[in-house]
Amino acid sequence: MQIGFLTCPGTHPGSDRRREDAYEHDMQVAALRPAMEERGMALTEIDWRAPIEAFVDFPLVLVGTPWDYQDAEAEFLGKLDALEGSGRQVCNPAALVRWNARKTYLKDLATRGAATIPTIWLERATAEDIVRALDAFGSEAVVAKRQVGAGAEGQSIHHAGALDPAWKMEQPMMLQPYLDQITREGEYSFLFVDGAFSHALLKRAADGDYRVQSIYGGTEEALTPSTADLAAAQRIFAAVPFDTPLYARIDMVRGDDGALMLMEAEMIEPYLYPEQGPQLGVMMAEAIERRLG
Ligand SMILES: Nc1ncnc2c1ncn2[C@@H]1O[C@H](COP(=O)(O)OP(=O)(O)O)[C@@H](O)[C@H]1O
Ligand SMILES: [Mg+2]
């Protein structure tokens, strides 16, 4: 049985436009493929922009590594709808992906009791909004992000006393206080497969940066979370207003009160850090088998 794994030119094997961090695609596939093969499933990489007819042999399609969807959101969500409409099972499902593609989902999770970072939501912003946010948060710096974004693209940090008066952002965006635990401690990731906790890790930014992503020189190490930290991640997971996702990565950072707060709940195309969780491939393969009935 063939299982589709969505890619993009930045991640597809053999593409001449592969990204610097495409090795993460290779590691994720290397973790899944053998465990799936042992259970009679062949993982087949396919560009998400391939015509719908190209998916006919896949009863189930993993959203995989379409790491350019944020620049073609409508087309991407339309393709997931079309896949489901033609009888494929998509993991995670189109409705969950649509909800998760816009960081406004953080508001829904906060309403359902999740610990989230205070956020100001704006359709566009100027330096004056940064001044107001610094004041409202009482913080030393503010982070500006796109509402639809990934990999810290289009993101900027603004320190009080070093503001650029000409700065502006002309798309739906969000402002948060800069939480300095990100550089002092790091960002936690908790991986869940079909509702079960798989593993956790701590991601640290390179010296002089605050972004933990590997593309900016960030590094990560496996970690056994404390009971309280794991419970904090489980509370976020439990607040997701959909059926249990096949996979989820809950990214958290510690607030001033010592409790973990949600940075983002990634259920579209997260890197699942298989190096820090060697059981990941088997857990995913078993969960896919269950979904196929
Ligand atoms: N409020 C914040 N305080 C400190 N660091 C932040 C904050 N928001 C984002 N960052 C940093 O920027 C990175 C990317 O932000 P994130 O919200 O995860 O968006 P993306 O979808 O682009 O990954 C985070 O992993 C973290 O390193
Ligand atoms: Mg992130």
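**Exercise 1.** Which residues line the second largest pocket?

*Solution.* This is a predicted model, in which local features need pLDDT of at least 70, side-chain atom pairs count only at pLDDT 80 or more, and totals for chains, interfaces and linings use all residues. Residues are numbered from 1 along each chain as its sequence is written, and side-chain values use heavy atoms, with hydrogens and water left out.

Begin with the term itself: on a 1 Å grid over the protein atoms alone, a pocket is an open set of points where a 1.4 Å probe fits, with protein on both sides within 12 Å along at least five of seven lines, and lining residues have an atom within 4 Å of a point. The lining of the second largest pocket then consists of Pro 118, Phe 137, Ser 139, Glu 140, Ala 141, Pro 177, Tyr 178, Leu 179, Asp 180, Gly 255, Asp 256 and Met 261. By class, this lining has seven nonpolar, two polar and three charged residues.

**Exercise 2.** Find which residues are the closest to the centre of the largest pocket.

*Solution.* The largest pocket has a volume of about 780 Å³. Of its 38 lining residues, the closest to the centre are Ala 150, Gly 151, Ala 152, Gln 213 and Glu 264.

**Exercise 3.** Decide whether Glu 264 is buried or exposed.

*Solution.* Buried means under 20% relative accessible area and exposed over 50%, with partly exposed in between (1.4 Å probe, protein chains only). Because the relative accessible area of Glu 264 is 16%, Glu 264 is buried. Leaving aside neighbours within four places in sequence, Glu 264 is in contact (heavy atoms within 4.5 Å) with Lys 103, Tyr 105, Arg 249, Ile 250 and Asp 251.

Technical notes
Chains lettered and ligands numbered in written order. Points joined across faces, edges and corners; volume = space filled by probe spheres on them. Nonpolar A, V, L, I, M, F, W, Y, C, P; charged D, E, K, R; others polar.
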